[in-house]
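Reader: I would like to see how the labels used for this model follow from their cut-offs. Please take me through them.

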Amino acid sequence: MLKRRRLAAGLEPLRTDCTVELTEGLDVDRMLLDGLRKWYLTLLDTAPREMLAPDHIRSNMLYPVEGKAGGVRILLPAACRRVFDLKLQHWSLPAPVLPRTELDTVVSRQLNPYTAATCDRPVAVYVPGAEGADAVFAWPAEAGAKVETLCGVLDPGEEAYVLDESALALMPTDSIPTITA
């Protein structure tokens, strides 16, 4: 990725007929890598699904939700940046994972038998920082429910970039990121 970023910034290919030296003591590669990391995390958080490489997230940590609305809470791994859809074993189809802003509405619907989620109309909501960890709340839940599919994107760490090649068109093209103190 650093090579691609250097190309986008006009810092590659290197010419062999001249030499340019910077004496400011700047580590250009470090600056490019820091900017690339920020760009990548923003991409994972905001880019359309087709520009990412969603994968099955392993999570069998299901906890019943206390209260009249019921449901289950599925804890997500710390590296999880975004969740797209969820399917529990007893559901007939996956449910798109709604944003946190929908939680109150979804919970109130579970209290009404006419608007409550069913196995044919399941519902799931992503809740960041729910009791110390990001989680997905899901309805309906049956005893012993297991996650069949949980699709989302994980941050593989600073050394790897997992994305669809089409997302490379969004890579910044400025030559050297500005230094902020």
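This is a predicted model: local features need pLDDT of at least 70, side-chain atom pairs count only at pLDDT 80 or more; totals for chains, interfaces and linings use all residues.

Reader: What makes residues 28-46 a helix, H2, and how does its reach compare with the expected span?

Author: Helices are DSSP runs of H or I with at least four residues, strands are E runs with at least two, and both are numbered from the N terminus. H2 has 19 residues. The expected span is 1.5 Å times one less than the number of residues. For H2 that expectation is 27 Å, and the helix reaches 27 Å from its first C-alpha to its last.

Reader: Why is Tyr 40 called buried?

Author: Buried means under 20% relative accessible area, exposed means over 50%, and partly exposed lies in between (1.4 Å probe, protein chains only). Tyr 40 has 0%, so it counts as buried. Other buried residues of H2 include Met 31, Leu 36, Trp 39 and Leu 44.

Reader: What covers the buried residues of H2?

Author: The cover includes helix H1 (2-8), strand E4 (80-88) and strand E8 (147-154).

Reader: How do you know that Tyr 40 and Tyr 161 form an aromatic pair, and what makes it edge-to-face?

Author: Rings of Phe, Tyr and Trp (its six-membered ring) pair if their centres lie within 6.5 Å; planes under 30 degrees apart count as stacked, over 60 as edge-to-face and the rest as tilted. By this rule there is one aromatic pair. The rings of Tyr 40 and Tyr 161 are 4.9 Å apart centre to centre, with 75 degrees between the planes, and the pair is edge-to-face. It links distant parts of the chain, with Tyr 40 in helix H2 and Tyr 161 in the segment after E8, 121 residues apart. Tyr 161, at a relative accessible area of 18%, is buried.

Reader: Why do Asp 34 and Arg 30 count as a salt bridge?

Author: A salt bridge is a side-chain nitrogen of Lys or Arg within 4 Å of a carboxyl oxygen of Asp or Glu. The closest N and O atoms of Asp 34 and Arg 30 are 3.2 Å apart, and the two residues form a salt bridge. They are four residues apart in helix H2, and so separated by about one helical turn. Asp 34 is partly exposed at 38%, and Arg 30 is partly exposed at 38%.

Reader: How many salt bridges does the rule give, and what joins Asp 45 to Arg 81?

Author: The count comes to five. Asp 45 and Arg 81 form a salt bridge, with their closest N and O atoms 2.5 Å apart. This pair links distant parts of the chain: Asp 45 is in helix H2 and Arg 81 in strand E4, 36 residues apart. Asp 45 has 34% relative accessibility and counts as partly exposed; Arg 81 has 28% and also counts as partly exposed.

Reader: What makes Glu 148 and Lys 87 a salt bridge, and which parts does the pair tie together?

Author: Their side chains meet at 3.1 Å, N to O. Glu 148 lies in strand E8 and Lys 87 in strand E4, so the pair ties together parts that are 61 residues apart in sequence. Glu 148 is partly exposed at 40%, whereas Lys 87 is buried at 12%.

Reader: How do you know that strand E2 (residues 62-64) pairs with E3?

Author: Two strands pair if DSSP finds at least two bridges between them. Three bridges join E2 to E3, and the strands run antiparallel.

Reader: What is the pairing of E3 with strand E7 (residues 133-139)?

Author: E3 and E7 pair in the antiparallel sense over four bridges. Ile 74 stands opposite Val 136 in E7, and Arg 73 has Phe 137 as its bridge partner in E7.

Reader: What makes both faces of E3 (residues 72-75) covered?

Author: Val 72 and Ile 74 on one side, and Arg 73 and Leu 75 on the other, are all buried. E7 is mostly covered, with five of its seven residues buried.

Terms used. Residues are numbered from 1 along each chain as its sequence is written. Side-chain values use heavy atoms; hydrogens and water are left out. Contact means heavy atoms within 4.5 Å.
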